[in-house]
Amino acid sequence: MDPSSSGIQEPFDLIRLSLSERVFVKLRGDRELTGVLHAYDGHMNLILSDVEETIMIVDPIEGGIDGHGTVKVAKRKMEMLFVRGDGVILVSPPSRT
Amino acid sequence: MSFFGFERSNLEQEKKKFLEGGLQETEDLAVYTWGEESYDGLGDALLEGGDELNDETFGETGAVGKDFDFTSQTLPTPIGATRGRFTPTAEPSRERTPVVERTEPASNSRDRGLSPAPKSLESIWDDKSPFSMLSRTAGHQRVPSNLMKSPFPPSRSPALNAYVDHRPLSQQQPISHGINQTGVRTLQEIEAEMRAAQQKRKLQEEMLLQVQLQQELQREEELRRQEESHRQEEFRVQELERQDLQRLQQEHLLADRMRARLEQEQQLRLQQQVRMSTPRVVPHLAPSPRFNQQHQHQQQILLLQQEQERQQQERLKDLQERLRMEELERQLRAQQLSQLQQQQPNLLARRQSPYADTQRRTHSPVIDSQYALFNQQNIQYMPQSIQLQQRLLSEMAQVEFMRDMQGISQAEQEALRVEAMRKIMETERMEERRRRKAAKIAHMSRYNDLMTQSDKDFITRIQVSQLVTQDPYAEDFYAQVYGAILRSRLGLQSQDERVIKFGSSGGVGLGLAQKGSGRRQSAMQKMEAQVERIVNNARLREKEKGLHSLHSLQGALGKTSGRSYKAAPRQLLQVDASSATPTMSGTHPHISKEDGNGAAQEAAKLGREALGQAAGSDGVVRKDPLTQRQTLVVLEGLYDLVLNIEQLRRDQPLEEDEEDGEAFVSWSATYNDLVEQIWMNLKVMLPLETSDPHPFVSLLTPVKGKKILPRLSRHIAPPRMLTLLTLLVACFSQLDVVKRAAILDSPEETPERQDVERQTQAFLGSVLQSILPVVAKAELRVITGLLGLLLDRTNIVVSAQTRPGIAMLTLFLSRVEIVKQGMSSAQESSEIPTPAEAQQWQTMFDHLFQLLMPHFVLLFPSTRLVTQPLTVAAPLPPTDILDQPVWQFLAALALHASSDQQSILVTSLREKVLDIVTSISKGWVADEEERQTKLANVNLFLHALGLDSSQISV
């Protein structure tokens, strides 16, 4: 009779639990988002508010070995964001400290 | 049609011969000798296929089958028999040179027919010339008139000859017949006989030929006459056409010249109007680039008139060509149309009839219809009156122009010309714009009437069928709620739900009510009516059809949707969410159900022993606090319940209605059940010691937990709300907003601080909001109890340094103040507290005051902010707004305080007040708004003490 296990029937139920909570979203193209989840659908389209986007930009060093380079991190903030589901890799609650 | 091929024509010819004579000796005839060695390949030029074109090739001459028939009738005896049989190789060399033969004029053949050209059977057999037959039958054959006219026989003439020939062969059948009979005679006898026969034959042939010639001549004459008349007719038509073109041309020239010379826009307008009436013609008649070109030329009008004329000519030619093309197209269309005509007579009737007319005309329909079109266009383009008017105007203008040219100075002329040019250009622009517009309209109306009304209805049906849902209100929820909000804001009281319902089976949400244009309104109404009709029809059909068509899904869970539109993709299996679980959305059916039951049972068990004796009761099951996920799961369940209960509230039947009495009973049972579930899920009744934080407090931790409380509290009875409030006060220190409130005192802007800020706002806005009505009705002793509980269970000094704490305390104090006022106004009510209760309150208040007394200054966020060690560099944010609730609290405190307490209050806050007043009076505060806030804050407190900031002198 553990509600945490019995209450979840499909993967989307887990996302549902995070509604109006802050979530961490990993996107394709080395992008990450944190924001408050407001809505989602079966395509994993998301609507987030108070979003901070983190973009990893890898600058390959010339003459260096492949895969080595400096990683630049660009950040930006958005009040409200629609995330198209095809770019979503994972959605998780932010790690609690 | 191959008359030269041996194998192929054999059968055919034999059959024909058999039919004509039934003789077996026909194979002796030299018919098949063509095309062996000297075969000149003319047969290749034959049209092997397309026999149906024969009539066109030969049929013009009429009676092909008749013209040699007369020979067989008038020549019953085989005249040529002996000749054919017994003329040996008299002219074999001649016969073998077909070139000579061919170059021979056709008229000569008569002589050759007359002159005995004896041929042996072999020679005939060996004769490879296609004219060998010709020579023999030339007298009988009729050369077509067109061949006679040509000096050379065209390539198809052999075919023609052969075609003509195959009947005359029958004449020669007696030849071979004769051979068999006279096989034993001597040469002399034969020669004599031959001579006699020849004589006789010559005579007969001569007669025959004369008759034939006469006939032929007659026929030729006739033909020539026919042709003549035909040509004349053609000529006439062409002439007419040319005349028309000329007329058009002239009119064009006229128009152009007028435009060039005249400054009168009226003229142009006239023309424009004329053109307007014939939009089809316009693109051909007036291509704008050329016109522009012309206008450039018109600066030297007189010089360039020739040039213009030439251009006109070209244009007209162009136009003619285009018209012809167009006409051809139109004809094709007309043919199609006429085919359609049988099926859809009314369709054609709608179209223009001239096309059909042109089709009915038999000869040269292109020219004919073109002619007709020209006339039409002329009529359209230049109605008689306008034509006349234009001519008159142009004459007048010409006279005037000539006078002007002579009379006025060069400069004036120039000015006039410039003016004219300007006007012309302007008109051109207008014209251009109009044409663009017309083209656009034409483009848009291309597909007019492409769909019939039933087509449109069909598509609408498909579209609307996608909108029909089980629960139209819920599916259209946001629009409905938004619409309701809008309506209430506008003060309108229209219908509650913009929904079309169809009994119990479903309906269509209509979204927001359309305001504004009446057209849209009526469109919406029409749509509604149509939707209703469609759905009703669909239901009827479904009933008729029954379920027999859906056997494929038999046994599947859920209900199959009877759909009639294969074109529209739609899910075939509809799982009814509401029947499966009490949740509203089908995607998450299980969260609330099982958890609800489990928790309810647990709560019921625990609640029985824990209720009322919160502290220190034995047998309390201690548990771990709810995990984050458990909290969220419970909250989701609560949200489902809330949505359900809100939906239920909307469906509430009328209590007064007697018929609905039963429905109301069952409704209220459902409602109560839901309320009970909510209450259980809130876990308020769990004993305090169950965990730390209490499960209820855990539920309040997320923002959505805080926000759901006002929605729930509406359905919870006041006594239960009081319990809830008590629990909240008892666990006040466990609240996240209280525990983490210190973060707010940090000047640094961190995500954590933001989060706490957000939570605090939510708590103040939602949780306190939902308990406000409870506190507002609470009696004095309840407040006293709550305050006591707060002082007992929490560190009041810490709690009072939080915004929720301050807010809570202010709430209590202001409620007591109101109760006191009620007391003083001597209202006779049950709420008036007994003196004992008042005494209890006073004690409790004193206790509070005592506890807070050393920390009054620290209550201010601004003060705490200054004391923070990190504030060196950071500029102080405006704290006056944050301080405001504290000032409010202190004012409330001051109202309750005794004079001793007031003086303590003033002493401890003196510095703070003076600080603010000084900063205001010395003008250190630049911002007027900030100054006002500061002043208001101080006055709020001072007024409670009966003072004012103006009384304080710095």
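The model is predicted, so local features need pLDDT of at least 70, side-chain atom pairs count only at pLDDT 80 or more, and totals for chains, interfaces and linings use all residues. Residues are numbered from 1 along each chain as its sequence is written, chains are lettered from A and ligands numbered from 1 in the order in which they are written, and side-chain values use heavy atoms, with hydrogens and water left out.

**View 1. Chain A at a glance.**
Chain A has two helices and five strands. Helices (H or I, at least four residues) and strands (E, at least two) are DSSP runs, numbered from the N terminus. Along the sequence the pattern is α-α-β-β-β-β-β. Chain A has 97 residues, and 34% of them are buried. Buried means under 20% relative accessible area, exposed over 50%, and partly exposed in between (1.4 Å probe, protein chains only). Of the contacts in chain A between residues at least 6 apart in sequence, 47% join residues at least 24 apart. A contact means heavy atoms within 4.5 Å. Accessible areas come from the Shrake-Rupley method with a 1.4 Å probe; for residues, only the protein chains shown count as cover.

**View 2. The open sheet of chain A.**
Five strands line up in the order β4-β3-β2-β1-β5 (chain A), with antiparallel pairing. β4 (69-83) and β5 (88-92) of chain A form the edges; each has a single partner strand, so one side of each has no neighbour in the sheet. From one strand to the next, the twist averages 25 degrees. Two strands pair if DSSP finds at least two bridges between them. Strands of a sheet pair through backbone hydrogen bonds, either parallel or antiparallel. Strand β3 (residues 46-60) of chain A is joined to β4(A) by 14 bridges, and the two run antiparallel. L46(A) has V83(A) of β4(A) as its bridge partner.

**View 3. Strand β1 of chain A and its two partners.**
On one side, six bridges link β1(A) to strand β2 (residues 31-40) of chain A in antiparallel fashion. L27(A) sits opposite R31(A) of β2(A). Three residues separate the strands of this hairpin of β1(A) and β2(A), and G29(A) has a positive phi near 80 degrees. β1(A) also pairs antiparallel with β5(A), through four bridges. Here F24(A) has S92(A) of β5(A) as its bridge partner.

**View 4. Two loop residues with positive phi.**
Most residues other than glycine have a negative phi. S20(A), which is not a glycine, has a positive phi of about 55 degrees. It lies in the loop between α2 (11-17) and β1 of chain A. S20(A) is partly exposed, at 21% relative accessibility. D449(B) is also a residue other than glycine, with a positive phi near 60 degrees. Its loop runs between α22 (410-444) and α23 (453-465) of chain B. D449(B) is exposed, at 68% relative accessibility.

Chain B contains 43 helices and four strands. Of its 954 residues, 42% are buried. The accessible surface of chain B is about 53500 Å², 54% of it from carbon and sulfur atoms. Helix α32 (residues 703-713) of chain B has eight of its eleven residues buried, so the rest of the structure largely encloses it. Among the buried residues of α32(B) are V703(B), I708(B), L709(B) and L712(B).

**View 5. Helices α39 and α41 of chain B.**
Helix α39 (residues 835-852) of chain B packs on helix α41 (residues 880-896) of chain B at about 130 degrees, with the axes 11 Å apart. Axes are lines fitted to C-alpha atoms, for helices over the stretch in contact, and angles run from 0 to 180 degrees between N-to-C directions. The contact residues include W841(B), F845(B) and F849(B) of α39(B), and F889(B) and L893(B) of α41(B).

**View 6. Q652 in a chain B loop.**
Q652(B) lies between α29 (628-650) and α30 (661-682) of chain B, in the loop. Q652(B) is partly exposed, with a relative accessible area of 37%. Beyond residues up to four places away in sequence, Q652(B) touches F664(B) and W667(B). Q652(B) and S668(B) are 16 residues apart in sequence, and their C-alpha atoms are 8.4 Å apart.
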